[in-house]
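Please read them with the structure open beside you.

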Amino acid sequence: MSPSNVIDGPRIATWRCPSCQEAVPRLLPNGESNRIPIPPERMALPDTTVQQACARVQGLRAPEICYACDQAYQELLGTLVRPPAELGDARGEPGLNDTGIIGALLPIADRGTQILIFNVINEELRCTEIERLISFNPDRLTYPGTRGAIAPRIWTLYEDHLAQLHARAPTPYTPD
């Protein structure tokens with residue numbers, strides 16, 4: 001067939017996702033909207049220290065993000081992370097005492113998503129890093145493994161978040 005027989009399909013208008021700051025289509029391939037509302041409870045762990053750190057981050061919070069960023073939020077919130085200088089990958093070794101946790105992901109208009117990473121310092125939970133989502137190194141993600149010596153406060157936040165995820169998960173189908 002010659003190219004003249006090809007008919008252009010409909011154009012899909014784009015919008016700029018405030019999280020990844022990419023020009024993304026307004027509609028997904030299935031016709032659903034690609035603008036996902038993000039409630040505050042999906043942005044941060046339910047902990048007073050985390051909430052206080054979120055309040056200190058300046059900038060207008062975006063009410064909607066794209067589908068891809070929504071999926072990233074779901075996967076990253078409450079995940080354990082290695083320190084920035086520690087080399088390795090998520091499949092390599094379990095977390096240790098210096099393991100932190102992603103406590104919040106904040107979509108800041110015109111700046112993209114800011115990841116707030118928390119560690120325990122002198123028995124106190126503190127926001128030790130704020131990093132942009134687009135520059136975050138996924139090799140920093142880790143898992144508890146045999147738990148090692150992860151700080152009890154981090155471990156509690158991690159377990160509580162997993163319990164909430166399991167409570168919200170749909171019940172599996174069981175044939176009668």
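**Notes on the predicted model**

1. Thr113 is buried, its relative accessible area being 1%, where buried stands for under 20% relative accessible area, exposed for over 50% and partly exposed for what lies in between (1.4 Å probe, protein chains only). The model is a predicted one, in which local features need pLDDT of at least 70 and side-chain atom pairs count only at pLDDT 80 or more, while totals for chains, interfaces and linings use all residues. Residues are numbered from 1 along each chain as its sequence is written, and side-chain values use heavy atoms, with hydrogens and water left out.

2. Thr113 belongs to strand β7 (residues 112–121); helices (H or I, at least four residues) and strands (E, at least two) are DSSP runs, numbered from the N terminus. Its side chain makes a polar contact with the side chain of Tyr73 at 2.7 Å. A polar contact here is a pair of N or O atoms within 3.5 Å; within protein, one must be able to donate a hydrogen and the other to accept it, and residues adjacent in sequence count only if both atoms are side-chain atoms. Leaving aside neighbours within four places in sequence, the residues in contact with Thr113 (heavy atoms within 4.5 Å) include Pro18, Ser19, Tyr73, Glu131 and Leu133.

3. Gln114 is also found in strand β7, and at 10% relative accessibility Gln114 counts as buried. A polar atom of the Gln114 side chain lies 3.3 Å from the backbone oxygen of Arg111, and the side chain of Gln114 also reaches the backbone oxygen of Gly112, at 3.4 Å. Not counting residues up to four places away in sequence, Gln114 touches several residues, among them Ala104, Ile108 and Ile130.

4. Two strands are taken to pair if DSSP finds at least two bridges between them.

5. β5 and strand β6 (residues 100–108) pair in the antiparallel sense over two bridges, with Leu80 opposite Ile101 in β6. Nine of the nine residues of β6 are buried, so β6 is largely enclosed by the rest of the structure. The antiparallel pairing of β6 and β7 runs over seven bridges, and there Ile102 stands opposite Ile117 in β7. The hairpin of β6 and β7 has three residues between the strands, and in this hairpin Asp110 takes a positive phi near 70°.

6. Tyr67 lies in helix α2 and is partly exposed, with a relative accessible area of 40%. Tyr67 and Asn34 are 33 residues apart in sequence, yet their C-alpha atoms are 5.5 Å apart in space. Beyond the residues up to four places away in sequence, Tyr67 touches Leu28, Asn34 and Ile36.

7. Which residues line the largest pocket? The lining includes Glu41, Arg42, Tyr73, Gln74, His161 and Arg168. α2 (67–76) and α3 (152–168) each supply at least two lining residues, and α3 gives the largest share, four residues. A pocket is an open set of points on a 1 Å grid over the protein atoms alone, where a 1.4 Å probe fits, with protein on both sides within 12 Å along at least five of seven lines; lining residues have an atom within 4 Å of a point.
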